[in-house]
Amino acid sequence: MITIKNLHKRFGELEVLKGIDLEVGKGKVVVLIGPSGSGKTTFLRCMNVLEIPTKGSISIENQALDFSQKVPKKKVPLFRSLTGMVFQNYNLFPHKTALENVMEGPITVKKESKDTVRKRAEELLSKVGLGDKLDYYPFQLSGGQQQRVGIARALAMEPKVMLFDEPTSALDPELVGEVLKVMKDLAREGMTMIVVTHEMRFAKEVADEVIFMEGGVIVEQSKPNEMFTNPKEERTKQFLRLIQ
Ligand code: ADP
């Protein structure tokens, strides 16, 4: 369903992604791990076209972008809408309620009617356990609740794949579980997901594939059981020793 070929991203002199190749099947959950600075966030941002890769291509279902040519600006919004991004710091609009945050994208980007969107937003907020908080502002919600609004907001765009960038790392430990539960439910329902996280238990339980990335390349890719009990590469072993 997703094919990424030879993806490169450079910021000035610094080459952050050095040729990423990856295929993700429909309904699969891929967890991305690796040391800070290895390019995980940049990779997700490239998938969401928040960053324009310097080279390579990404295709999602029947849409493709080839970055070795100049990407037409008008192709970007449609391609972006194939992926839903969940950020570490939620990135909610502070002056909009939970409901308004979830409704914003479909109305402004997809030009859908308010009534249709309102109904879907209410259903999504109920789904993430916030059916009674529709009119709350972000400052009235806990971090875990804000992040669940963030997930509902991404889902409201009806993406083909959900991208999670360390969705629980800004949360107090007691709030991590409620966000992981929503993510597990999504995975169980068959959502295709790429997740950058330090939550190794989540990776073990939910991932179909785990990818260890370092220095802008994929060092190792395998099933979670294999990755955590029998990593092949010395760099993977070192990293896992440090975090486990
Ligand atoms: P990770 O998510 O694995 O911690 P990042 O993708 O955030 O890694 O960062 C990889 C490298 O790219 C870092 O050295 C970071 O400083 C650099 N980088 C990320 N974004 C930018 C940017 N917009 N401009 C310049 N350098 C950047």
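Okay, a definition before anything else: a polar contact here is a pair of N or O atoms within 3.5 Å. Within protein, one of the two must be able to donate a hydrogen and the other to accept it, and residues adjacent in sequence count only if both atoms are side-chain atoms.

This is a predicted model, so local features need pLDDT of at least 70 and side-chain atom pairs pLDDT 80 or more, while totals for chains, interfaces and linings use all residues. Numbering runs from 1 along each chain as its sequence is written, and side-chain values use heavy atoms, with hydrogens and water left out.

So, the ligand. Ser38 puts a backbone N or O atom 3.1 Å from one of the ligand's oxygen atoms. For Gly39, a polar backbone atom sits 3.0 Å from a ligand oxygen. Thr42 uses a polar side-chain atom instead, 2.6 Å from an oxygen atom of the ligand. On its own the ligand exposes 560 Å², and the protein buries 59% of that (Shrake-Rupley, 1.4 Å probe; for residues, only the protein chains shown count as cover).

Who else is around it? Helices are DSSP runs of H or I, at least four residues, and strands runs of E, at least two, numbered from the N terminus.

H5 (143–156) packs on H6 (173–188) at about 20°, axes 8 Å apart. Axes are lines fitted to C-alpha atoms over the stretch in contact, with angles from 0 to 180 degrees between N-to-C directions. The two are therefore roughly parallel, meaning under 35 degrees.

Notes: Angles under 35 degrees count as roughly parallel, over 145 as roughly antiparallel, 65 to 115 as roughly perpendicular and the rest as oblique.
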